[in-house]
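Visitor: I have a structure on screen and would like to learn how to read it. Where do we start?

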Amino acid sequence: LALAAAEPAAAEPIAAERTLAEALFREGKRLMSEGRHAEACPKLAESLLLERAGGTLLNLALCHEQEGKLATAWAEFAEALGLARRDGRREREQFALDHIAAVEKRLSFITVVVDPGAPFDLEVRLDGVRLGRPTWSTSVPLDPGTHKLQAAASGHRPWEAVVTVRDA
């Protein structure tokens, strides 16, 4: 009987990933300090993909807030709040709470209302993402820009609309 060597745990980033994550984090912070958010946010997002860290998530949320992507920032601050609470990081928790409150005042929402008599197989999509029945009649925050709303059901012509959300 031969035993294979154990694989390293997938959840633990390897040293090279941690190094790259740190370099991207620092570069993202530098670009943010220069007001270059369109360049900074992707670097912070990539850093977060490589190593899930609460501080990186908070900085990414702040970057998106400063970039004007308020719905994205709101969701990221909410996730960072959960991580801060889990980790007992009171300062980060308060930072996230303060930003959530500030961002919520400036959010734009869409509410998709579907007729109760709509076909059972009706499929509604927002920007290509399927909106399940529980999301119908729920206010969903949107980032500024153009958004596509689509609906389709068998035996019916597909429907499409474009919604534009202006900067807050």
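Guide: Start with a loop. This is a predicted model. Find Asp127, which sits in the loop between E2 and E3.

Visitor: What is the phi of Asp127?

Guide: First the general idea. Most residues other than glycine have a negative phi. Asp127 has a positive one, near 55 degrees, and is not a glycine.

Visitor: Is Asp127 buried, partly exposed or exposed?

Guide: Asp127 has a relative accessible area of 40%. Buried would need under 20%, and exposed over 50%. Asp127 is therefore partly exposed.

Visitor: Where does Ser137 lie?

Guide: Look in the loop between E3 and strand E4 (139-142). Ser137 is not a glycine either, yet its phi is positive, about 65 degrees.

Visitor: Now the strands. In what order do they form the open sheet?

Guide: A general point to keep in mind: in a regular strand the side chains alternate between the two faces of the sheet. Here 4 strands line up as E3-E2-E5-E6, with antiparallel pairing. Strand E3 (129-131) and E6 are the edges, and each pairs on one side only. Direction ignored, neighbouring strands are turned by 25 degrees against each other on average.

Visitor: How many bridges join E2 to E5?

Guide: There are 4 bridges between strand E2 (residues 123-126) and strand E5 (residues 145-152), and the two run antiparallel. For a landmark, take Glu123: its bridge partner in E5 is Ala152.

Visitor: And what joins E5 to E6?

Guide: Antiparallel pairing again, over 7 bridges, with E6 spanning residues 159-165. Gly145 stands opposite Val165 in E6. Thr146 has Thr164 as its bridge partner. E5 and E6 form a hairpin, with 6 residues between them. In the turn, Gly155 has a positive phi of about 80 degrees.

Visitor: On to the helices. How are two packed helices described?

Guide: By the angle between their axes and the distance between the axes. Take helix H1 (residues 15-33) and helix H2 (residues 37-50): their axes come within 8 Å and cross at roughly 160 degrees. Angles over 145 degrees count as roughly antiparallel. H1 and H2 are therefore roughly antiparallel to each other. Their crossing is left-handed.

Visitor: Which residues make the contact?

Guide: From H1, they include Leu20, Leu24, Phe25 and Met32. From H2, they include Ala40, Lys43, Leu44 and Leu50. By class, this contact of H1 with H2 has 9 nonpolar, 3 polar and 6 charged residues.

Definitions and conventions. Residues numbered from 1 in each chain as written. Predicted model: local features only at pLDDT ≥ 70, side-chain atom pairs only at ≥ 80, totals over all residues. Heavy atoms only, no water. Pairing = 2+ DSSP bridges. Axes fitted to C-alpha atoms, helices over the stretch in contact; angles between N-to-C directions. Parallel < 35°, antiparallel > 145°, perpendicular 65-115°, else oblique. Left-handed = near helix turned anticlockwise from the far one by under 90°. Contact = heavy atoms within 4.5 Å. Nonpolar A, V, L, I, M, F, W, Y, C, P; charged D, E, K, R; others polar. Buried < 20%, exposed > 50% of the residue type's maximum accessible area, 1.4 Å probe, protein only.
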